[in-house]
Amino acid sequence: MLIFAVLFKNYGFFMIKKAIGLLAGIAIIGGVSFDQIQKFLDQSEQITSKVIAQAKLPDFGKSGKTENSKKNNSKKMRLEIPAFLTDRPEEVIWHDGYTVSFNRRTKIPNWVAWELTKARTEGTVSRSDDFQPDPDVKKGSTAEDNDYRGSGYDRGHMCPAADNKYSEQAMTECFYFSNMCPQLHSLNGGDWKELEEKCRKWARKYESIYIVCGPIVYSSYPKTIGQNKITVPDAFYKVIMRQDKDGDAKAIGYVFKHKKQNKPLKEYAVSVDEVEELTGVDFFSKLPDDVEDKMEASFNVYDWQ
């Protein structure tokens with residue numbers, strides 16, 4: 001991957017493609033089987049996507065779309081961003097208010113991550129409701145409004161609109177379908193919404209929290225909706241982390257089965273390790289290993305009141 005990163009930095013995407021072709025040619029001369037070459041080429045798009053994401057964002061600082069976002073993100077490690085995935089399609093897209101790992105096979109996100117600060121909860125931008133395909137995702141790889149119409153599912157935000165009231169750009173981008181999953185209204189407007197409101201309360205109380213959420217798909221043949229066959233998740237997760245003033249880090253996870261239910265939030269609470277086991281996603285991997293391991297192994301609902 002280092003070779004691809006150097007090529008991208010100096011010569012751009014075209015050179016990466018040339019390098020892939022050259023390596024395939026060398027492989028043929030060297031007697032490598034067609035199946036091995038094909039497997040390599042199939043993986044190349046995923047590798048390239050990750051290289052581009054890393055090359056654009058050294059030290060995981062977003063090259064922002066506004067002067068303020070450039071200034072605010074340049075000094076940050078982006079602790080909310082999970083480790084890159086290797087076991088499924090992933091296209092990492094960086095928007096003003098959140099980052100999404102988009103899966104072109106399921107056509108829903110693998111994860112959506114953002115830092116929610118106290119200041120962001122105090123924005124005044126009105127909800128836009130302008131649902132639209134993400135322009136950074138290839139057409140046909142994402143949902144469209146018609147896919148949801150008459151499906152019986154809400155266009156369920158992962159990063160909610162109320163977390164993006166600080167900026168018109170952030171508000172617009174949070175209505176991209178790359179930030180959506182088919183979600184039953186009873187969950188979207190019920191316990192999932194209650195946790196969103198709790199997160200804004202915690203952001204105001206602790207000044208800043210880090211959030212990652214997304215779908216869990218464990219069915220061998222999951223249900224889909226619409227002409228574009230958008231995957232309907234079997235469950236949803238959310239993990240939240242904060243760093244206290246004394247330097248201590250605390251985290252908690254939540255898992256919601258995708259069905260009608262109404263329970264106290266504490267009954268959905270689990271450790272981050274349990275969410276990692278369910279999802280295969282490595283959360284908060286930029287923290288020192290000893291801090292991460294301790295924080296993710298257990299949880300205390302009384303730390304999140």
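The following legends describe an overview and two close-up views of a predicted model. Local features require pLDDT of at least 70 and side-chain atom pairs count only at pLDDT 80 or more, whereas totals for chains, interfaces and linings use all residues. Residues are numbered from 1 along each chain as its sequence is written, and side-chain values use heavy atoms, without hydrogens and water.

**View 1. Overview of the chain.** Ten helices and eleven strands make up the secondary structure of the chain (DSSP runs, H or I of at least four residues for helices and E of at least two for strands, numbered from the N terminus). Of the 305 residues, 51% are buried (under 20% relative accessible area; exposed is over 50% and partly exposed in between, with a 1.4 Å probe and protein chains only).

**View 2. Surroundings of Arg-127.** Arg-127 lies in the loop between strand E3 (108-117) and helix H5 (145-148). Arg-127 is classed as partly exposed because its relative accessibility is 47%. Beyond residues up to four places away in sequence, Arg-127 touches His-157, Ala-161, Met-171 and Phe-175 (contact: heavy atoms within 4.5 Å). A C-alpha separation of 7.4 Å is found between Arg-127 and Lys-165, which are 38 residues apart along the chain.

**View 3. Glu-277 in helix H9.** Glu-277 is part of helix H9. With a relative accessible area of 71%, Glu-277 is exposed.
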